[in-house]
Amino acid sequence: MTTESTNLDGLRSGIDQLDARLIDILAKRAELTRQVGELKAKTGMPVYVPEREAALINKLRDLATQAGVSPELAEDLMRRIMRDSYHTQNNRYQCVNPDAGRVVVVGGGGALGQVFVSLFQRSGYAVDVVEQADWGNGHAENMLKRAALVIVAVPINLTEAVIGQLSTLPEHCILADITSIKSRPLTAMLDVHSGPVVGLHPMFGPDAPGMIKQVVVVCHGRQQPHYQWLLDQMQIWGATLHESSAEEHDQAMAYIQVMRHFNTFVYGAHLQGEDPDLDTLTVFSSPIYRLELAMVGRLFAQPPELYADIIFNNPQNVALLRRFHQRFGLALDMLEAADKTAFIEQFKEIGDWFGDYAKMCLSDSKQLLLKADDGKLLRK
């Protein structure tokens, strides 16, 4: 064995020992964060405190710079560690309203419904779940007549019909829904129930472990003081609440959800029609294009009924998508006319409309793409 090989083996052995120490340190840190979680649950402190996180990140970046370590590396590493720490802290939460009474989640066996059932149970609330079979055997009626809070967590196409069956709730029972559209469900709840009503839209999917760093849109209905404890509880769970009218929410969702999902549907249909080899596409794709392709593939791995409900729910979506189709056609006309100058001018106009947000996206996406490339995301 050469001297160089011996030296290399020694250096690698030293690295292996340091890596083992890192794992040991992470295990000890996880135990401390678990204890922090227990204290927060007792005192009612939220799991996620933005100011604490920002201060810690800045401090570690300064320490890294002083030690000759990349501050970006230190921040990336710490954010990943902190994300795991949040999840180890959320086994139990403080119960904001121990005297609230029973919580009933209609559709609590569904993916997102299960998230809410788990959060309420980990906060010490008594939770009942109503599923489709319970309506015919009397179980639903028994659970609903003693409910203090009813959350409707069923598919969009069933939401209004289910709400229509809730006319005999106790007078002071809170009625809420967690559907991704708000105007029609909120109106239906206000019509069927004279007590407290609130519309909620959790801006995350069922694969999220909880509400930490998640946004929940709140559309007030009636008697906010009576359901304020529910809003406070979600903040204890780590959520950021954004208040909105139902109309404003649905208009925003038309651009955020409907346009994107429909565009992705058409893109997927075009790929199917052209029939390229997907493995080949991923081989020739840089991280940004693999991510974009992943977003397309992700859509078609999920229930089609969900996206059909989102897209078909509001007739006004047709007009919006027609305008999108028209602008696509105009852009194609520009291409057919080989008018590169017009393309560049319009590109600049659009960039001006996005303003500083475009620059922020460029910076943030660079970090995201580095992570994607490190993991060889979706590349065999």
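Helices (H or I, at least four residues) and strands (E, at least two) are DSSP runs, numbered from the N terminus. This is a predicted model, in which local features need pLDDT of at least 70 and side-chain atom pairs count only at pLDDT 80 or more, while totals for chains, interfaces and linings use all residues. Residues are numbered from 1 along each chain as its sequence is written, and side-chain values use heavy atoms, with hydrogens and water left out.

**The annotated domain**

- The unreviewed UniProt entry carries the annotation "domain: Prephenate/arogenate dehydrogenase" for residues 101-365; such annotations may be inferred rather than shown by experiment, and positions follow the numbering used here, with feature names shortened.

**Helix 9 and its two partners**

- The axes of helix 9 and helix 13 (residues 316-336) come within 11 Å and cross at roughly 60 degrees; axes are lines fitted to C-alpha atoms, for helices over the stretch in contact, and angles run from 0 to 180 degrees between N-to-C directions.
- Helix 9 and helix 13 are therefore oblique to each other (under 35 degrees counts as roughly parallel, over 145 as roughly antiparallel, 65 to 115 as roughly perpendicular and the rest as oblique).
- Ala254, Tyr255, Val258, Met259, Phe262 and Asn263 of helix 9 contact Asn317, Leu320, Leu321, Arg323 and Phe324 of helix 13, where contact means heavy atoms within 4.5 Å.
- By class, the contact of helix 9 with helix 13 has 8 nonpolar, 2 polar and 1 charged residues (Ala, Val, Leu, Ile, Met, Phe, Trp, Tyr, Cys and Pro count as nonpolar, Asp, Glu, Lys and Arg as charged, and the others, Gly among them, as polar).
- Helix 9 (residues 246-274) also meets helix 12 (residues 304-312), with axes that come within 9 Å and cross at roughly 120 degrees; this crossing is left-handed.
- On the helix 9 side, Gln257, Val258, His261 and Phe262 meet Tyr307, Ile310 and Ile311 of helix 12, a contact with 5 nonpolar, 2 polar and no charged residues.

- Seen by strand order, the open sheet of 7 strands runs 2-1-3-4-5-6-7 with mixed pairing; two strands pair if DSSP finds at least two bridges between them.
- Its edges are strand 2 (127-130) and strand 7 (240-243), each pairing on one side only.
- Neighbouring strands of the sheet are turned by 25 degrees against each other on average, direction ignored.
- Strand 6 (residues 215-222) pairs with strand 7 in the parallel sense over 4 bridges, and Val218 has Glu243 of strand 7 as its bridge partner.

**Helices on the sheet**

- Helix 7 (residues 183-192) packs on the sheet and touches strand 4 (174-177), strand 5 (197-202) and strand 6, its direction making about 155 degrees with that of strand 5.
- Helix 8 (residues 224-236) packs there too, touching strand 3 (147-152), strand 4, strand 5, strand 6 and strand 7, at about 175 degrees to the direction of strand 6.

Terms used:
A crossing is left-handed if the near helix is turned anticlockwise from the far one by less than a right angle, and right-handed if clockwise.
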